[in-house]
Amino acid sequence: MSAHRPASPRAHRPASPRPASPRPASPRAHRAPRRRPAAPLLAAAPLAAALLLAAACIERGYPLAASGQVDIRADVAGPLFAADTLDVEGRPVPPRQSPWRTAVSLQLTETNEPAYGAYVEVRVVPSEALALHAINDERGDDVRGEDEAGGEADDGASCGVRDGAFRCVAGTQGYARFIAASEGDWSGEARLVVAWADRTEELPITVLPAGLPEDATNFALIAGGLGENDRVLATYLPLTCTLGPLPDDLGATWRPGAIRAREARVRASPPQNAPGVVEHAPVIVESLHSEAALSLAPDCSERTTRLRVLLGATGESPPFSLCFSDLGGDVTLAVSSGQKVIEPAPALTVDPEPRLLRVRALRSVVTAGTPGDLFEVSAYNAKRVRIAVPVDLRAGDDRVIALGEASVTLRGEDSEATIIQGVAVAPGTTELRVTPRLLASPECTSEPVTVVAPPPPDPEPEPGEEEGSP
């Protein structure tokens, strides 16, 4: 844009005046002559006018032309993480796994020059995947890649909602920045779409479910006090003895203050290229057995079948408790976090806790020298069901009765009761004593069994007497 250039100042210079005859002095003779503008000012006026007019042509907030270009880049190169849990208002519950938001930079150019003042519109597809905020929005603080001052550079750039759309206006260098954040539990492949004129530019952003990414390693459940075979042994503390019929009630299967528990933790190692993703990663631990539960209390006073724990900065969760009822069984646990699942699932064998041991004598009197079935031994759980329990056997006096075996595993409900055989050795009275294998107590004792001497043999017949004669 140009303006008509004024004529040279020399064209307006008047001819030299003729000498005049002297006139008498008067006050008007001392008045200063009219001052004309200097020639350089007259030459600069068109240039200033041109600059003002050119500046008026650059209006901030004009739509980027179809010939313009937009380059879009996210500061976080990898995926973002969705929220794991939401409150009643649908907002994420902290602490959260990072990164869950990223700063995004737009560079707007026209004819390879910064498009200062041009604007574009930004949207997310699908709309529920991400939320967009201005870089200095209070929800956008502490975002990786944000300007050092904590907000946008003071060059005229801005991003925000205008006329119902999220609009970014380029600064003097052609840049604009905003925040894209995952603020829900949606996960999948999202797209940032920048639109201007009849053109669009897209940036894909992956939003993973909260939890460990696929390339995390060493994901495991660590539990203490299980032994080499992942076995929870019975304590035999509630075991009592009986000689006769079973009582109607053998107590609760979850004994308050006496529940068997094992401390456990979950751990994982982060990917080498993202060492911080394990912190606050949620892990879900579930019991798949009715007689096993999970608890944050060491005594298992409050139990659940599904527990959520968060990994710490080192990739290890706080301790929690595995809880087992007195019924026991083969327990399987499901442990998952995001894209990771522990396979095969952790499995434990929990021995039933016997409540009652019945030792019953089958015969009260036995003739010496006679072998046979002498005792019946059975163990019962809290539901009055016969269970398999390893026990040690011994006679009170092995000079009276000799047992056929020193230890045995009692039979369960699916077979006949366990019968203990022995041999009556010599006259006397003794009993059977039964204890849990390798333990000294509790000791359950049968009724006494008396061994009597065999009857004397019949007298030999006299010589010459015929059999059957009077």
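Arg 303 is placed over the face of Trp 254, at 4.4 Å from the ring centre; a charge is taken to sit over a ring if NZ of Lys or CZ of Arg is within 6 Å of the ring centre and within 35 degrees of the ring normal. Arg 167 lies over the face of Tyr 119, at 3.9 Å from the ring centre. The model is predicted, and local features need pLDDT of at least 70, side-chain atom pairs count only at pLDDT 80 or more, and totals for chains, interfaces and linings use all residues. Residues are numbered from 1 along each chain as its sequence is written, and side-chain values use heavy atoms, with hydrogens and water left out.

The structure holds one aromatic pair (rings of Phe, Tyr and Trp, the last by its six-membered ring, pair if their centres lie within 6.5 Å; planes under 30 degrees apart count as stacked, over 60 as edge-to-face and the rest as tilted). This pair, formed by Phe 166 and Phe 178, is edge-to-face, with 5.5 Å centre to centre and 65° between the planes. The pair links distant parts of the chain, with Phe 166 in strand 9 (residues 165-169) and Phe 178 in strand 10 (residues 175-181), 12 residues apart. Strands (E, at least two residues) are DSSP runs, numbered from the N terminus. Phe 166 is buried, with a relative accessible area of 8%, and Phe 178 counts as buried at 0%; buried means under 20% relative accessible area, exposed over 50%, and partly exposed in between (1.4 Å probe, protein chains only).

Lys 383 lies in the loop between strand 26 (371-380) and strand 27 (386-387). Lys 383 counts as exposed because its relative accessibility is 56%.

Methods: Helices (H or I, at least four residues) and strands (E, at least two) are DSSP runs, numbered from the N terminus.
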